[in-house]
Amino acid sequence: MTEVLRITGLAKSFGALKATDDVSLTLNAGEIHALIGPNGAGKSTLIGQIAGWIVPDAGTITLEGADITGLSVAARAKAGLGRTFQVSTLAMDRTARQNVRIAAQARAGSSFRFWGQVAQDQGLRDAVDQVLGDVQMLDQADTPIAELSHGARRRVEVACALALEPKLLLLDEPMAGLGQDGTQEMTALLARLKSRIPILLVEHDMDAVFALAGRISVLVNGAVIASGPPDVIRTDPAVRTAYLGED
Amino acid sequence: MRGREGWINGALAAALLIVPLALHLAGEVYYVNLASRVVIVALAAVGLNLALGYGGMVSFGHAAFFGIGGYVAGISAHHAILGTSFLGLSTTTEMPLIWLISVLLAGVVALAIGAISLRTKGVYFIMITLAFAQMLYYFAISFPAYGGEDGLPIYVRNTFPGLNTFDPITFYGICVVALFACLFLTARIMGSRFGAALDMAHLSETRLATAGIAPFNIRLTAFVISAMMTALAGALFADLNGFVSPSMMSWHRSGEIMVIVILGGVGRLWGPVAGAIAFVLLETFLGGLTERWGLFLGLILLGTVLFARGGIMGLIAGKARHD
Ligand SMILES: Nc1ncnc2c1ncn2[C@@H]1O[C@H](COP(=O)(O)OP(=O)(O)OP(=O)(O)O)[C@@H](O)[C@H]1O
Ligand SMILES: [Mg+2]
């Protein structure tokens, strides 16, 4: 199985707090690797380091064998990291199409083009329509984000990540606040995507996690306390006391 | 450009073409020159609007670029008249060349100022751009060769091939063409890939970076283009007044350009034009009635910021469309 992402010995402290404590993990082609753990375990901090927002104190991150630890956020995105955020970062006043188009245009080459009009760029339009179709948002493509439901916004976020044609997806709690229908839709969407694009999935919804993930790593106090297939994690006593028991 | 805003823009354009011509035919030279003033400060504000309105970069130092344009025009004419040279270079009274130098020089200075200032955000950015503009202001004051504090008179009006630039309506024509060209350029830029990236740098920097576009580079480029347009306005302003002085670079001037952008409606293509018309008319007519016209301007501005965020354009044309 080809390895897409490898994290080795990653560490990050905020003052005395070890938010990431010597974390190593991998993500392989065709799989969803779920990252679970209680609130404040350090999941978002880990995603932030992989995406480049947070500089780790130690450790390395490689994407398809290339070290990306020193790259900027934008450079990592260009290199193939697509991500969504726990808290939406979409431009509320702009339409779904406009939000996705930024990613599509980044994918399609330089943004230092001052003359040609994006509204008339058929190539961009097709690329945007394609990913909006993937997340079943075509019918609301021209609706401002502010007027979309929470679930629709989540899907637009995924579409933005997909428009980069990424090598992998980092999804930080894509089901949060979605309700039952929304969670089911998102679960179905991720299941469709995983053969195409491997996903590192941070998620609190255990039904979704166990339905989707091929591997699960459990993060507690910044450290991975268990990692393995769902069946093993479900029955792991340490995990049950540290996390699953509480839920 | 569709809808009500399109009509208003059209009306503004028509007014800029017709009113000064009517004033000219009526022999009202003073008012033709006033119209030139409106158009020039509108152009300066069109420049700032790219940074402030579209890019969300609240520059409180754009007078520096306005002044650079002014001093290029002034110093160039000064040497040309005296038949002396500037650092061994012979100078020119040809407007197109003066504009080119103004715009390039302002671009280089803006690149340096922006590269430092854009590492900060919010109120720090406002303060650091102000600080740079003040540095240039004091630099201009401390140069007695070019008039220092008293400023530098321009004894000729710089020339344009084939045109009599002394003729007020001809000069007005030059200014209005420059304004329209920069408006067209702004519209074109904001519809382009670069414009989409600048818009996103303003609205959600995180989203832009996550898409793989470094926000800093986008902002810096927009800041430079913005400064260039304002410098062009400065060069025209010096020729209109036949005079440059450090006051072109003062923080009052930066504030004035900013007020015009806010009054007209930030991030609206023709907002600076509406703002400039309102500002210069208020200044001229209210200023003629009372010395305390600044008080009224302040009240109007307060009202705009509190009750009409979209400025004049927002009031008449409603919410901005983005498509
Ligand atoms: N910039 C920061 N400065 C200081 N402490 C931080 C910072 N960011 C995160 N932390 C702390 O690090 C710990 C891990 O936070 P993180 O957001 O990664 O948790 P999480 O696992 O994503 O939690 P949740 O499930 O609530 O999203 C928390 O205790 C948090 O308070
Ligand atoms: Mg989190």
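The second largest pocket holds about 680 Å³ of space, a volume being the space filled by probe spheres set on grid points joined across faces, edges and corners. A pocket here is an open set of points on a 1 Å grid over the protein atoms alone, where a 1.4 Å probe fits, with protein on both sides within 12 Å along at least five of seven lines. This is a predicted model, where local features need pLDDT of at least 70 and side-chain atom pairs count only at pLDDT 80 or more, while totals for chains, interfaces and linings use all residues. Residues are numbered from 1 along each chain as its sequence is written, and chains are lettered from A in the order in which they are written.

**The pocket**
- Its lining has 21 residues, with B:Y71, B:V72, B:I75, B:F86 and B:L105 nearest the centre (lining residues have an atom within 4 Å of a point).
- α3(B) gives the largest share of that lining, five residues (helices are DSSP runs of H or I, at least four residues, numbered from the N terminus).

**Where the chains meet**
- Chain B puts 30 residues into the contact and chain A puts in 33 (contact means heavy atoms within 4.5 Å).
- Together the two chains bury about 2,800 Å², 62% of it on carbon and sulfur atoms (accessible area, 1.4 Å probe, lost on being put together, summed over both).
- There are three salt bridges between chain B and chain A (a side-chain nitrogen of Lys or Arg within 4 Å of a carboxyl oxygen of Asp or Glu).
- B:D199 and A:R94 pair up in a salt bridge at 2.7 Å, N to O.

Note on methods
Side-chain values use heavy atoms; hydrogens and water are left out. Helices (H or I, at least four residues) and strands (E, at least two) are DSSP runs, numbered from the N terminus.
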